[in-house]
Amino acid sequence: MIETSGTALPAAGVQPPAAANGRHRRAVDDPTGVPPPGEVALIGRPTPQRATVLQALVDTEGFVSAQALHARLLTTGGRVGLSTVYRTLTALVAAGRADVVRDEAGERSFRYRQGSDHRHYLICRQCGLSLPVDSAAVESWADEIGATSGFTAVEHTVELTGTCSDCTAAG
Ligand SMILES: [Zn+2]
Ligand SMILES: [Zn+2]
């Protein structure tokens, strides 16, 4: 056993954990997927049904259609109508608390958005795999348009779809 004196210095080149940068973290890995108190108030009339829909969306990994979310609620004993699911999801999108994408058939799928975090995704049209992508160029472009157009409350929707590597390999 060799004794050393003084304070151990960190090895050169050791970086702090990447977790410090939450911007590109996949939301599905975030353990804090529970809406903070008051969240339900963001989605209009704070009914138990709407709270149930919100929680189901928070618990969902990846994007989910209103029909699929409704079907899942039925299997867990939730007594929520499909129209309520639609209304709640639409309200969440309007409140900036959910991302929405459309598939080729025009069906919309939804995903809960953490806080004001705003992302764009690359979606596989075959299996629905969704990956957040770097959208810095889109954001700066949209910010510039918003700043120079005279419009206020400018929002944008950018959808990227394709065939993921697994589905491509599966032919
Ligand atoms: Zn795929
Ligand atoms: Zn954006």
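Modeller: Start with S3. Of its 5 residues, 4 are buried, so S3 is largely enclosed by the rest of the structure. A residue is buried if 20 or more other C-beta atoms, placed from the backbone, lie within 10 Å of its own; 12 or fewer makes it exposed, and anything in between partly exposed. Across the 171 residues of the chain, 17% count as buried.

This is a predicted model: local features need pLDDT of at least 70, side-chain atom pairs count only at pLDDT 80 or more, and totals for chains, interfaces and linings use all residues. Residues are numbered from 1 along each chain as its sequence is written, while chains are lettered from A and ligands numbered from 1 in the order in which they are written.

Now place S3 in the chain. There are 5 helices and 6 strands. Both are DSSP runs numbered from the N terminus: helices are H or I with at least four residues, strands are E with at least two. From the N terminus, the order is α-β-α-α-β-β-β-β-α-β-α.

Which strands sit beside S3? S1 and S2 do: the open sheet has 3 strands in the order S1-S3-S2, with antiparallel pairing. Strand S1 (64-65) and strand S2 (98-102) stand at the edges with a single partner strand each, so one side of each is left without a neighbour in the sheet. Strands of a sheet pair through backbone hydrogen bonds, either parallel or antiparallel. Two strands count as paired if DSSP finds at least two bridges between them.

Take the S2 side. S2 and S3 (residues 108-112) are antiparallel over 5 bridges. Val101 has Ser109 in S3 as its bridge partner. Ala98 stands opposite Tyr112 in S3. S2 and S3 form a hairpin with 5 residues between them. In that turn, Gly106 has a positive phi of about 90°.

Now the S1 side. S1 and S3 run antiparallel and are joined by 2 bridges. Here Val64 stands opposite Phe110 in S3.

A helix joins the picture too. Helix H3 (residues 82-94) lies across S2 and S3, at about 110° to S2. Such angles run from 0 to 180 degrees between N-to-C directions; axes are lines fitted to C-alpha atoms, for helices over the stretch in contact.

Next, two other helices. The axes of H1 (residues 48-58) and H2 (residues 66-75) come within 10 Å and cross at roughly 105°. H1 and H2 are therefore roughly perpendicular (65 to 115 degrees; under 35 is roughly parallel, over 145 roughly antiparallel, the rest oblique). Thr52, Ala56 and Leu57 in H1 meet Leu69, Arg72 and Leu73 in H2. By class, this contact has 4 nonpolar, 1 polar and 1 charged residues. Contact means C-beta atoms, placed from the backbone, within 7 Å.

Last, a second sheet for contrast. This open sheet of 3 strands has the order S5-S4-S6, with mixed pairing. S4 (residues 120-124) pairs with S6 in the parallel sense over 3 bridges. There, Cys124 stands opposite Gly162 in S6. S4 and S5 pair in the antiparallel sense over 4 bridges, and Tyr121 has Pro132 in S5 as its bridge partner. S4 and S5 also form a hairpin with 5 residues between them, and Gly128 in the turn has a positive phi of about 85°.

Note on methods
Two residues are in contact if their C-beta atoms, placed from the backbone, lie within 7 Å. Ala, Val, Leu, Ile, Met, Phe, Trp, Tyr, Cys and Pro count as nonpolar, Asp, Glu, Lys and Arg as charged, and the others, Gly among them, as polar.
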